[in-house]
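I opened a new model today and kept notes. I wanted to look at one helix first, then at contacts.

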Amino acid sequence: MSKKDLGLLILILVVGAVVAIINPRFLLPINLANTSNLIGLFGILSIGQAFVIITGGIELSVGSVVALLGTLFIDFIAVREMDWPLAFVLIIVLGAIIGLVHGWLITRLKLQPFVVTLCGLLIYRGVARFYTADGTAGFAFGQNFPELEFLTAGRSYGVPNSFIALIVISIVMWVVLHRSVFGRYLYAIGKNEEAAKYSGIRTGRVVMAAYVICGVLTALSAIYFAMYTRSISPASHGQFYELYAIAAAVLGGFSLRGGEGSLIGVLLGTVLLQELQNLVNLLGIPSSLNFAVMGGVILIGVLVDQQWGVFRARRLMLDATRKGAAGAPAE
Amino acid sequence: MNYSDTTIVAATTAPFLSLEGVRKTYPGVVALDGFSMEVRPGEVIGLVGENGAGKSTLMKILGGVTRPDSGTITVDGVAHDGLTVEGSLGSGIAFVHQELNLFDNLDVAANIFFGREPLRGGPLKLVDRPKLRTQVAPLLKRVGANFSADTPVSALSLAQQQMVEIAKALSIRARLVILDEPTSSLPLAETDKLLDVIKALKAEGISVIFISHRLHEVERVADRVVVLRDGMLAGTLPKSAINHDQMVKLMIGRMLKEREKASEAAHAPGSVALSAKAVRTGAYPDRPVDLDVRHGEILGLAGLVGSGRTELARVLFGIDERFGGNIKLDGQELALGSAADAVANGIFLVPEDRKLTGVLLDLSIAENISLPNLPAHARHQLVSASAEAATAEKQKSNLGIKAPSVATRTGTLSGGNQQKVVLAKWLAMNPKVMILDEPTRGIDIGAKAEIYGLMRALADAGVAVLMISSDMEEVIGVSDRIAVMHEGQISGILDKDDFSQENVLLLAVGKKPK
């Protein structure tokens, strides 16, 4: 765990302690379970985003993808009465295809990630609304999918299964990001894509793979969100989720220029964001201020991190000059 | 009395600019060593010299970007120790650089008066477009422009863009226009237009310093040629004495010096490793290049800046698109769609720009060295830090990379050590063809010698080495054969017996060697 991650963890614990002292309900099992469920849902989304951000890209369409794929998933199993494992696989494949198309447009046709995924944001939202004729996709009365519901919205030993899914995915993606050949390529490309190319790395393929990973994880979280809300109105479902994901990554120490950030960082970023949401509810802050609180905390966090970096650089330079002065021969 | 026009001007007017004993040193290098020259009104000076002779430093001093350590610069009768950027501009010295400084998203008029646009009255301070156009029109006429003031710069040819730059210079009432390699990227027809503009400036009494590697162009326009060599004035040629051979002689100076005998024992050349047939690059898409590099030889690739050497290297490495032709390695044709293809075939490039493309400054030495061959340092796709460290340690001691450990960030190393990291990553992978683009630029003497030794060791091991270099002594001292490029084509290949600075330079400017 890096120093940055440790600082974030301490911040999470301090904020948690303060909230718990003011409102002890924070520590009630029901509240912790609810919060960790949300952490699970948003965490899966944010890890996907992190893989794109590490390459210096951005994926703005994830909120709309959550809406579109969530709508399709519910439609598949509730209306078309498809077997849910088949629907599950189909949705994941669709997520991968969306990622592949984005990656292809960005690496082969050299479009900017911001533009490609902004168009995706608009297109998928529109398609989702058209698909349901702007209605709500939901289950009919009495429809049950016991295994699916257990896996997505159920609990094991009191812990939401969505949270457990996040832990499993995090471990796998930690290995991919921090230990695998592919992960090293991602960092190298994020730091300096030209130099990576000159080292013989097929940078286009690697970047495309990052968008596919993001698409797959977004699809997975779309299923989780769908099963959590159980009914989806495509006009608003998943709105701003891309910003939650980007915020989690930025809070977790990712640079939007690429090449920087850790998996633990983005996890902690997600935790802090959900803790803040919870804090707004528990401390009786008007929920209309929700976004303002989040924005404020992220700004302060990034500012502190930046200033700390400046301070350290200055101290290093001062040390160096002092050493230089001491080392100079006395006249 | 039989004075020519120029002599009358020269005899009757005081110089606009004169430099006396200008000296400028950088750590470890004397860039200018007591240089003196003068420029009279309406005079066209051709300034020539090899790469590294001190031309750039001289330009920086005249532009006020750097101050000389000593010497006097007299502009329009006023003596200075050094110029400032504002001072240089204010006294009427204007530059047209090799890389143009135009906004290609704006039109011609907006570029010429950028930041000095005539404004309408009123609180909004809007640009007075009609007035702007009436001011620009005569300027464009003076440079003989055949385009209008509202043409977007992106629609202009390079020569036309240079006219815009010159018009910009005229708009600040320039009295001396310095053209730095203006024709190096121009096709021939465009060059003629530019030379006409220079003559028009001269007719108006404006002085011109024309810096160029293209000696025949200098011959055509210059009233006087000033030759720089090793930071010193090698000589001045009056109009009557300006000819190609004289310039070359002064540029290299050591023409009569005995040819340097390469210290390395010549060995039998091997079979052809890398063979390029009719390969065309993006820089000169109309000029096919043929080049063979043999196993066990160091082939030097000489030529002036802009002659297309780097572009050729990038095409051979698969980084740039190839516009026709084919490339064979040991007789096998290669597709080379990307650098990854080249690397997979054992063709490696040590690029010109170490910091941008050679190494990743933020990664450690070990991570840089393993990067091109990472799967070999991994088991089941998981990177083994110990395997990486082992490879890096081996290369570090082989090449004598000076660093606390292989985990040190590459960005903290000196230039020479960074270059060794670039070499190390390829040496660890069994090269067949090694292309080095300016491998010793910006590297101290000690590390230079080590890198020469490495190249020789590679060649002795049967690797085909292609070395691009602008350092004449390096090319002659290190190579087994020298190919010289001129405007996108191989103008000649010299065998060891024909090595001389003069021959290389003659080929580099497109003439026959002696």
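I looked up helix 5 of chain A (residues 113-131), which has 19 residues and reaches 26 Å from its first C-alpha to its last. That is close to the 27 Å expected at 1.5 Å a residue, the expected span being 1.5 Å times one less than the number of residues. Helices here are DSSP runs (H or I, at least four residues), and strands are runs of E of at least two, numbered from the N terminus.

The model is predicted: local features need pLDDT of at least 70, side-chain atom pairs count only at pLDDT 80 or more, and totals for chains, interfaces and linings use all residues. Residues are numbered from 1 along each chain as written, with chains lettered from A and ligands numbered from 1 in the order written.

Which residues of helix 5 of chain A are buried? I found P113(A), V116(A), T117(A), G120(A), Y124(A), R125(A) and A128(A). Buried is 20 or more other C-beta atoms within 10 Å of the residue's own, exposed is 12 or fewer, partly exposed is in between, and C-beta atoms are placed from the backbone. Seen down the axis of helix 5 of chain A, the buried residues fall within an arc of 155° (directions from the helix axis to the C-beta atoms), so they line one face. They pack against helix 3 (62-79) and helix 4 (84-107) of chain A. The face turned away carries the exposed V115(A), L122(A) and F130(A). Just after helix 5 of chain A, A133(A) takes a positive phi of about 50°.

I then checked the chains: 23 residues of chain B are in contact (C-beta atoms, placed from the backbone, within 7 Å) with 17 residues of chain A.

Technical notes:
Contact = placed C-beta atoms within 7 Å.
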